[in-house]
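Here is a brief report on how the parts of one chain meet. Please look at the model first.

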Amino acid sequence: AALPLALQVRLIMKAHSFIRENVPRVLSSVKDESGTVHIPRISQYLYFLFAPTLIYRDSYPRNPTIRWGYVATKFAQVLGSLFYAYYIFVRLCIPQFRNSSQETFNLRGLVLCIFNSILPGVLILFLVFFAFLHCWLNAFAEMLRFADRMFYK
């Protein structure tokens, strides 16, 4: 349920950016009665939907070529992160909760279970950051020849 919600939020943010950038242009050309209204092409909007940015522009800086080795490396890093997250869950998280589910409920056991899960939880958060915000976005940026890679600013 979280992934579809995240995708919907991303699409809403992109639609907001697209409208915010284009409505003032259209309204100013209607007010001037110049007769020429610059409306973005469908290809520009589709590129914006897949580009790793939330700020709409009619054109973005583009690289001349796609480095397919770089793309494969980034996708391999995403896969490696998924396997590492699975390993963390199997070795560090599941045994804690399996043991706690067989005992009677007490506050001490709950607190110990939570504290023993903090380090694996932080590792999972770092893996999500690295896998999605670094590897996944860089792989798609490379495939789209998107040259502006300032994801962290």
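How much area is buried between domain 1 and domain 2? About 690 Å² is buried there, with carbon and sulfur atoms giving 76% of that area. Buried area is the accessible area (1.4 Å probe) that two parts lose on being put together, summed over both.

## Basis

This is a predicted model: local features need pLDDT of at least 70, side-chain atom pairs count only at pLDDT 80 or more, and totals for chains, interfaces and linings use all residues. Residues are numbered from 1 along each chain as its sequence is written, and side-chain values use heavy atoms, with hydrogens and water left out.

## Domains and interface

Domain 1 spans 1–60 and domain 2 spans 61–152; the bounds come from an automatic or database domain assignment. Their C-alpha centres lie 31 Å apart. Contact (heavy atoms within 4.5 Å) links 6 residues of domain 1 with 8 residues of domain 2. On the domain 1 side, Tyr47, Pro52 and Tyr60 lose the most area to domain 2, together 82% of what that side buries.

## Annotated spans

The unreviewed UniProt entry annotates residues 68–89 and 109–137 as "transmembrane region". Such annotations may be inferred rather than shown by experiment.

Residues 68–89 are 100% helix and 0% strand, with end C-alpha atoms 32 Å apart. For residues 109–137 the end C-alpha atoms lie 40 Å apart, and the span is again 100% helix and 0% strand. Helices (H or I, at least four residues) and strands (E, at least two) are DSSP runs.
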